[in-house]
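Hi there,

Here is the structure I promised to pass on to you.

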Amino acid sequence: MAYTTIDDPTIYFNSKLYTGTGSSNSITGIGFAPDWVWIKNRGASAHHMLFDTVRAATKVLYSNLTDAETTVSGHVTSFDSDGFTLGDNSGKGSSNGNTETYVAWN
């Protein structure tokens with residue numbers, strides 16, 4: 001089996017730390033258009049949320065639950081050329097609570 005070297009792995013995978021705003025929030029600086037986003041609140045006990053372009057932005061999987069995919073609104077609203085945009089969902093278990101800190105693996 002031949003192996004190749006990836007000179008710049010950030011063109012395939014990148015993590016992003018961000019702070020929620022409670023209103024529309026464009027997360028940029030990913031370096032590519034993500035087709036998969038895994039979000040976790042860093043400062044509170046909350047679910048892991050997984051979004052992908054196959055299911056569309058309104059569908060979420062919770063990796064730490066046994067639920068099937070769930071339709072949501074106000075979390076990821078679009079996948080963009082250099083990141084993604086979040087809606088105004090700022091309640092418990094949100095992806096964009098005002099002043100809450102998050103990590104997104106893309």
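In what order do the six strands of the open sheet run, and is the pairing parallel or antiparallel? The order is β1-β9-β3-β4-β5-β6, and the pairing is antiparallel. Two strands are said to pair if DSSP finds at least two bridges between them. At the edges sit β1 (15–19) and β6 (70–71), each of which pairs on one side only.

Before the rest, a word on the source. This is a predicted model, in which local features need pLDDT of at least 70 and side-chain atom pairs count only at pLDDT 80 or more, while totals for chains, interfaces and linings use all residues. Residues are numbered from 1 along each chain as its sequence is written, and side-chain values use heavy atoms, with hydrogens and water left out.

Now the overall picture. The protein has nine strands and zero helices, where strands (E, at least two residues) and helices (H or I, at least four) are DSSP runs numbered from the N terminus. The C-alpha trace spans about 45 × 30 × 25 Å along its principal axes. Of the 106 residues, 35% count as buried (buried is under 20% relative accessible area, exposed over 50%, partly exposed in between, with a 1.4 Å probe and protein chains only). Contacts are heavy atoms within 4.5 Å, and among those with a separation of 6 or more, 51% come from residues 24 or more positions apart.

Strands β4 (residues 49–52) and β5 (residues 59–62) pair in the antiparallel sense over two bridges, and L50 has L61 in β5 as its bridge partner.

I also liked the charged residues here. Side chains of opposite charge can pair when their charged atoms come close. The structure holds two salt bridges, defined as a side-chain nitrogen of Lys or Arg within 4 Å of a carboxyl oxygen of Asp or Glu. One joins the side chains of D52 and R55 (3.2 Å, N to O). The other joins R55 and E69 (3.7 Å, N to O). Through shared partners, the salt bridges join D52, R55 and E69 into one network. As for burial, D52 is buried at 10% relative accessibility, R55 is partly exposed at 33%, and E69 is partly exposed at 40%.

Lastly, please look at N25, which is found in strand β2 (residues 25–28). N25 is buried, with a relative accessible area of 10%. Its side chain makes a polar contact with the side chain of N96 (3.1 Å); a polar contact is a pair of N or O atoms within 3.5 Å, where within protein one must be able to donate a hydrogen and the other to accept it, and residues adjacent in sequence count only if both atoms are side-chain atoms. Leaving aside neighbours within four places in sequence, the contacts of N25 include Y18, T19, G20 and F84.

Best wishes
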